[in-house]
Amino acid sequence: MDKLNSIFELREMLRQLERDVGFEDLTRVERDVLLAAHSLCEKPGDVIRSEQIRGHALLQYVAQATLYRAIRRLLSAGLLERAGDSKARAYVVRSDLVGVDLSDR
């Protein structure tokens, strides 16, 4: 199997997994923001700051305005929440919603 076929098969498996968990309505940047935020958590409920998300390797080429639009969209979808005791730009990942149909939100 050549390398392009391998990449294609991996990409198709990833797309299917993203559909299975309900990410098909998210843009690539929104998915990357959510995945970056999740990867920065050591345990559920950890507070993540926007600066940490912005510094993640998945998002190094994303413009700041695009990043904040993605965060706003994830907040409105309920996948991120503002951290209760923290100042603005601090978030909690709602991983309990992964697999829920986002179009119902």
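**Exercise 1. Find the contacts of arginine 94 in this predicted model, leaving aside neighbours within four places in sequence.**

Solution. 
Step 1. Set aside the residues within four places of arginine 94 in sequence; the residues then in contact with arginine 94 are Gly78, Leu79, Leu80 and Glu81.
Step 2. Look for polar atoms. The side chains of arginine 94 and glutamate 81 make a polar contact at 2.9 Å, inside the 3.5 Å cut-off for such a pair.
Step 3. Follow glutamate 81 into the sheet: its bridge partner is valine 92, in E3.

**Exercise 2. Work out the strand order of the sheet and what packs on it.**

Solution. 
Step 1. The sheet is open and has 3 strands, ordered E1-E3-E2, with antiparallel pairing.
Step 2. Identify the edges. Strand E1 (47–49) and strand E2 (80–82) each pair on one side only, which makes them the edge strands.
Step 3. From one strand to the next, the twist averages 45°.
Step 4. Count the links between E2 and E3: these antiparallel strands are joined by 3 bridges.

**Exercise 3. Describe the largest nonpolar core and the surroundings of valine 33.**

Solution. 
Step 1. The largest nonpolar core has 23 residues. The members that touch the most others are Val33, Leu34, Ile53, Ile71 and Leu80.
Step 2. Assign the core to elements: H2, H4 and E3 each give two or more residues. H4 contributes the most, with 7 residues.
Step 3. Take valine 33. Apart from neighbours within four places in sequence, valine 33 is in contact with Ile53, Leu59, Leu67, Ala70, Ile71 and Leu74.

**Exercise 4. Decide which elements have the highest and lowest confidence.**

Solution. 
Step 1. Start with the whole protein chain: the average pLDDT is 86, and 87% of the residues score at least 70.
Step 2. Go to the elements. Helix H4 (residues 64–77) has the highest confidence, at 94, and strand E3 (residues 90–93) the lowest, at a mean of 89.

Methods. Residues numbered from 1 in each chain as written. Predicted model: local features only at pLDDT ≥ 70, side-chain atom pairs only at ≥ 80, totals over all residues. Heavy atoms only, no water. pLDDT = per-residue confidence, 0-100. Helix = DSSP H or I, 4+ residues; strand = E, 2+ residues; numbered from the N terminus. Pairing = 2+ DSSP bridges. Axes fitted to C-alpha atoms, helices over the stretch in contact; angles between N-to-C directions. Polar contact = N/O pair within 3.5 Å; in protein donor to acceptor, adjacent residues only side chain to side chain. Contact = heavy atoms within 4.5 Å. Core = buried A, V, L, I, M, F, W, Y, C linked by side-chain atoms within 4.5 Å. Buried < 20%, exposed > 50% of the residue type's maximum accessible area, 1.4 Å probe, protein only.
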